[in-house]
Amino acid sequence: MKSTKAQVIEFCLPDLPDAGVRAEAFAPSNIALCKYWGKRDAELNLPVNGSLSISLGSLGTRTEITESDTGTDQVFLNGKAVVQDNPFARKVVAFISLFRRELDQPVCIKTENNIPTAAGLASSASGFAALMLALNDFYHLGLSHDRLSAFARMGSGSASRSIYQGFVEWHKGNRADGMDSFAEPINITWPGFRVGLLKVATGAKKIDSRSGMQRTVDTAALYEQWPKQAEQDLQTIKRALADQDFELLGQTAEHNALSMHATMIASWPPLLYWQPESVAAMQRVWELRSLGVPLYLTMDAGPNLKLLYLAEYEAQVRDAFPELLDIDIVVPFG
Ligand code: 2P0
């Protein structure tokens with residue numbers, strides 16, 4: 001039987017403690033090397049397949065929770081007050097309300113994203129992970145990392161992975177209440193691993209991931225092959241990480257991303273997140289690769305590319321892509 005978020009949280013946290021005075025937390029954004037695409041339960045954001053990502057170090061979201069002194073909930077995004085019926089404020093307040101007592105005091109949430117808007121990265125992963133970490137502190141929940149990840153996932157699926165730095169695997173889980181669907185860090189260090197962001201197009205109106213994945217699951221016959229391929233790719237990427245086999249990792253991640261996009265394109269109405277500039281950039285990546293530079297790409301639900309390469313090829317990659325934004329990845333092991 002399917003559960004609601006509120007039912008799962010009430011079951012896991014039957015006695016909510018009192019609120020504190022102030023809490024603050026940071027969570028990084030992340031980029032998936034094996035993608036999450038499709039849900040088996042849309043209420044709890046339970047995925048069809050497991051996924052694996054790399055977190056983006058200091059790029060992410062910082063969130064502060066304090067008691068509100070105005071008698072109502074207040075939400076600020078990047079220093080600006082957000083009106084209560086704004087969809088962002090509604091999502092944030094609905095998530096907080098899952099964890100507070102009915103008679104609890106209203107709260108003031110201040111959220112800052114330091115992800116450059118030019119990078120074209122989504123912030124829902126780091127946003128819900130930072131909010132969950134701050135809530136854990138503010139309401140003295142004392143949650144384990146597994147539960148923090150599982151609860152962050154209820155805000156946004158990819159937020160389950162943003163609880164950690166470094167390489168992270170999100171286990172799809174099998175339980176109806178989703179409490180076995182959480183992420184865990186992969187204990188490896190790879191100092192020469194690089195991720196670069198290639199912003200290739202601006203202003204393209206896109207369908208958000210949530211509706212995009214639903215449309216794919218509902219209408220794309222090609223989606224039938226996705227769970228099997230994603231599971232194989234996940235195992236291959238884990239093996240490539242363990243062996244520090246960059247070619248295998250890059251090939252599998254690129255193939256995984258393009259296969260996900262193939263299922264999107266096979267949806268109806270079609271979902272094509274690429275712009276002409278995206279295709280031109282892909283061709284430049286493939287051209288450089290044909291000249292012997294091990295450079296691979298991955299893409300999410302948007303027109304921009306993320307490039308994967310090793311530090312020793314930095315000069316050649318930068319020469320070919322002077323506009324590349326690099327990311328300082330923090331891998332906390334080793
Ligand atoms: C990923 N994406 O694995 C995939 C690849 C986009 C393409 O996770 O509905 O914002 O909040 O669970 O997490 C983006 O989807 O979706 C995403 P919800 P989410 O990174």
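**Pro-269 and its loop.** I started at Pro-269, which sits in the loop between α7 (246-265) and α8 (276-290); helices (H or I, at least four residues) and strands (E, at least two) are DSSP runs, numbered from the N terminus. The peptide bond joining Trp-268 and Pro-269 is cis, with omega about -5°.

**Ground rules.** I am working with a predicted model, where local features need pLDDT of at least 70, side-chain atom pairs count only at pLDDT 80 or more, and totals for chains, interfaces and linings use all residues. I number residues from 1 along each chain as its sequence is written, and side-chain values use heavy atoms, with hydrogens and water left out.

**Asn-45.** Next I looked up Asn-45, in the loop between β2 (39-41) and β3 (46-47). Asn-45 is not a glycine, yet its phi is positive, near 55°.

**Domains.** I then turned to the division of the chain into domain 1 (5-185) and domain 2 (193-329); these bounds come from an automatic or database domain assignment. Their centres, taken over C-alpha atoms, are 25 Å apart. To the contact (heavy atoms within 4.5 Å), domain 1 brings 31 residues and domain 2 brings 39 residues. I noted a buried area of about 2,800 Å² between domain 1 and domain 2, with 71% of it from carbon and sulfur atoms; buried area is the accessible area (1.4 Å probe) that two parts lose on being put together, summed over both. Of the area that domain 1 buries against domain 2, Leu-33, Lys-35 and Trp-37 supply 31%, more than any other three residues.

**Ligand.** Where is the ligand relative to domain 1 and domain 2? It lies between them, because both domains give residues to the shell around it. I count 17 residues around the ligand, with Tyr-36, Lys-39, Ser-156, Ser-158 and Arg-210 the closest; a residue is near if one of its heavy atoms lies within 4 Å. Helix α5 (residues 209-219) gives the most to this shell, three residues.

Ligand oxygen atoms lie 2.6 Å from a polar side-chain atom of Ser-158, 2.7 Å from a polar backbone atom of Gly-157 and 3.2 Å from a polar side-chain atom of Ser-124. The protein covers 92% of the 470 Å² of accessible area that the ligand has on its own, by the Shrake-Rupley method with a 1.4 Å probe.

Notes
Polar contact = N/O pair within 3.5 Å; in protein donor to acceptor, adjacent residues only side chain to side chain.
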